[in-house]
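Subject: Handover of a structure for your review

Dear colleague,

Please find below the structure that I am handing over to you.

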Amino acid sequence: GQGLGLGQSLPADTIPGSQKSIQASELSNLYVPQTTLLGLLVDAELTLNRQWGEPSTLQYALERSSETLALHRRALHLPRPVPAPLDASPEADPLAYNCNTLAQVLTDYARFQGSTERAREAVAWSDSAFGRRATFRNNWPALGSMLYERGRAWRTLGALTASSAALDSAERY
């Protein structure tokens, strides 16, 4: 078959699954929270850094993660206690996800800069996510991500400080 020339495209109804897709007219009715959009930007920045090694992307990811944290704090009227395990749901404590993202970003930052200070910050944010782990109770992929990022944070700290205790903690997670 011939390829499509410049300016040509497939009609929408010939694309597999197009009838199951959200129709363009419905897109204007979708509401996407700002924290979700910021989270997507963080993921994009981390991907750019991992693919191309651009250090500025880590700073952008850290800024977007911090902005999300500030939005959550304002919306939740923080500080407030960590929800009890029985109250746990993805809605119960959105900060759990934010803490995990900050641990991820700061671990990448620590590895890129060889910074023990950033590695310690990553572990601290990971501690916060782990302390809120009941939120992940019914979300196995998110729980796995949190434990994986916790292991990365401890491993990075252990490698930068030559701490066998930190490396043991990394292996545990």
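This is a predicted model: local features need pLDDT of at least 70, side-chain atom pairs count only at pLDDT 80 or more; totals for chains, interfaces and linings use all residues.

Helix 6

Helix 6 comprises 22 residues. From first C-alpha to last it reaches 31 Å, close to the 32 Å expected at 1.5 Å a residue. Its buried residues include Met 146, Glu 149, Arg 150, Arg 152, Ala 153 and Trp 154. Ala 162 follows the helix and has a positive phi, near 55 degrees.

Leaving aside residues up to four places away in sequence, Glu 149 touches Asn 100 and Gln 104.

Nonpolar cores

The largest nonpolar core has 20 residues, of which Leu 46, Leu 62, Val 105 and Trp 154 touch the most other members. At least two residues of this core come from each of helix 2 (34-52), helix 3 (55-76), helix 4 (95-113), helix 5 (116-131), helix 6 and helix 7 (164-172). Helix 4 gives the most, with six residues. Another core, of eight residues, lies apart from this one; among its members are Phe 130, Phe 136, Ala 142 and Met 146.

As for Leu 46, its contacts are Leu 58, Ala 61, Gln 104, Val 105 and Asp 108, again not counting residues up to four places away in sequence.

Salt bridges

The structure holds five salt bridges. Side chains of opposite charge can pair when their charged atoms come close.

One of the bridges joins Asp 108 and Arg 152, at 2.4 Å from N to O. Asp 108 belongs to helix 4 and Arg 152 to helix 6, so this pair ties together parts that are 44 residues apart in sequence. Both partners are buried: Asp 108 has a relative accessibility of 6%, and Arg 152 has a relative accessible area of 14%.

Another bridge pairs Asp 127 with Arg 150, with the closest N and O atoms 2.8 Å apart. Asp 127 lies in helix 5 and Arg 150 in helix 6, 23 residues apart, and the pair links distant parts of the chain. Here Asp 127 is partly exposed, at 38% relative accessibility, whereas Arg 150 is buried, at 6%.

Finally, salt bridges with shared partners join Asp 108, Glu 149 and Arg 152 into one network.

Yours sincerely

Notes
Residues are numbered from 1 along each chain as its sequence is written. Side-chain values use heavy atoms; hydrogens and water are left out. Contact means heavy atoms within 4.5 Å. Helices (H or I, at least four residues) and strands (E, at least two) are DSSP runs, numbered from the N terminus. The expected span of a helix is 1.5 Å times one less than its number of residues. Buried means under 20% relative accessible area, exposed over 50%, partly exposed in between (1.4 Å probe, protein chains only). A nonpolar core is a set of buried Ala, Val, Leu, Ile, Met, Phe, Trp, Tyr and Cys residues joined through side-chain atoms within 4.5 Å. A salt bridge is a side-chain nitrogen of Lys or Arg within 4 Å of a carboxyl oxygen of Asp or Glu.
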